[in-house]
Amino acid sequence: MKNQNKKTWIAVVVGLLVVAAMYFVWSTNRPATSAGAKSVTVEVKDSEGTVSSYEVHTDSEYLIDVLNEAAASTEFSFEAIDSEYGPYITAVNGETADFSVNQAYWAIYVNGNYGEYGADQQPVNDGDVFQLAYERS
Amino acid sequence: MRRKRINSFTRIAMMTAVLETVKFALNAFPNVELVTLSIIVFTRRFGWKETVPACLLFAIIECFWWGFGTWSMVYFVIWPFLVLLTTLLPLEGALPHALLSGFFGLGFGAFCALFTLAMAGLNAAIAWWITGIPYDLVHGIANFIVALFLFKPLMKAMEYIPNQ
């Protein structure tokens, strides 16, 4: 029983160390952002392939805030749900992408490249072009 | 024999329903979930032979609900893996099970990254894991707290369900 308790408390300490190590890895590798006045473009490529473009002047550091600002100041609109890995964009400009129906989803492109991060972790830098594209897998 | 089998099927159906219910009930709170704890409790009470089928049924229903993707393959493996861990580890009491639940939450992203590794390579897997660390931390800490407080009451509640 005493041995069991000892193992349990060792596991508690290991758990705390793992949490600290994970935080360290994340904090030293997270994408850099820049604060200040930035001019960025939000593009929407719908299921027909039509591209709409919206200019946003922002101080935001992450894409999700830019999308919210674009929705507040332009005709752009979007809907997102919280998922285990951050906001999951379900609809843009009234067009819903439902993966369960036809494997469709809204992809994020950053300056022409497929985005590596979710909207809440994608850094925003001056001159960036973000495209939300309706795609099917 | 026939009655025993019917009882077993009924328990599997009940466990699947509970897993779906708790998943939906906490959908509004990303990475705070009761699925991990439920599976640990079910494994302790009913054993792996009934809990693994419940996990697989749960994964199938999730696929039909949310669609098939990389993550759905993860579900088919990670929940039975949790059953295996629970079966193999001779744990007793709330704190050890809370630790198991917490470590499982912390490691969830790393486990998913193994699938990314197989499909997209090492760099993509590492990027995937690091990006998801904040969510893994929330997942692990929430799992630990939830299990610490609910493991005993749930085990007590399970006593009302016959396992023979």
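Student: How many helices and strands does chain A have?
Tutor: This is a predicted model. Chain A comes to three helices and eight strands. Along the sequence the pattern reads α-β-β-α-β-β-β-α-β-β-β.

Student: And what does chain B have?
Tutor: Chain B has six helices and zero strands. Its pattern along the sequence is α-α-α-α-α-α.

Student: How do I read strand pairing?
Tutor: Strands of a sheet pair through backbone hydrogen bonds, either parallel or antiparallel. Now take strand 1 of chain A, residues 38-45. Eight bridges join strand 1 of chain A to strand 2 of chain A, residues 51-58, and the two run antiparallel.

Student: Which residue takes a positive phi in the hairpin of strand 1 of chain A and strand 2 of chain A?
Tutor: Gly49(A) does, with a phi near 90°. That hairpin has five residues between the strands.

Student: In which sense do strand 1 of chain A and strand 8 of chain A pair?
Tutor: The sense is parallel, over five bridges. Strand 8 of chain A spans residues 129-136. Here Val42(A) stands opposite Phe130(A) of strand 8 of chain A.

Student: What is the order of the open sheet of three strands in chain A?
Tutor: The order is 3-4-5, with antiparallel pairing. The edge strands are strand 3 (78-83) and strand 5 (95-96) of chain A, and each pairs on one side only. Strand 3 of chain A pairs with strand 4 of chain A, residues 86-92, over six bridges. Within that pairing, Phe78(A) has Val92(A) of strand 4 of chain A as its bridge partner.

Student: Now the helices. How is a packed pair described?
Tutor: Two packed helices are described by the angle between their axes and the distance between the axes. Look at helix 1 of chain B, residues 2-25, and helix 3 of chain B. Their axes come within 8 Å and cross at roughly 45°.

Student: Why is helix 1 of chain B called oblique to helix 3 of chain B?
Tutor: Because of that crossing angle, helix 1 of chain B counts as oblique to helix 3 of chain B. The crossing is right-handed.

Student: Which residues of helix 1 of chain B and helix 3 of chain B make the contact?
Tutor: From helix 1 of chain B, they include Ser8(B), Ile12(B), Met15(B) and Leu19(B). From helix 3 of chain B, they include Pro53(B), Ala54(B), Leu57(B) and Phe58(B). By class, this contact has eight nonpolar, three polar and three charged residues.

Student: Where do the two chains meet? How many residues of chain B are in contact with chain A?
Tutor: There are 22 residues of chain B in contact with 21 residues of chain A. On chain B, helix 3 (48-66), helix 5 (94-120) and helix 6 (122-158) each supply at least two residues of the side that touches chain A. Helix 6 of chain B gives the most, with 10 residues. By class, that side of chain B has 14 nonpolar, seven polar and one charged residues.

Key. Residues numbered from 1 in each chain as written. Chains lettered and ligands numbered in written order. Predicted model: local features only at pLDDT ≥ 70, side-chain atom pairs only at ≥ 80, totals over all residues. Pairing = 2+ DSSP bridges. Helix = DSSP H or I, 4+ residues; strand = E, 2+ residues; numbered from the N terminus. Contact = placed C-beta atoms within 7 Å. Nonpolar A, V, L, I, M, F, W, Y, C, P; charged D, E, K, R; others polar. Axes fitted to C-alpha atoms, helices over the stretch in contact; angles between N-to-C directions. Parallel < 35°, antiparallel > 145°, perpendicular 65-115°, else oblique. Left-handed = near helix turned anticlockwise from the far one by under 90°.
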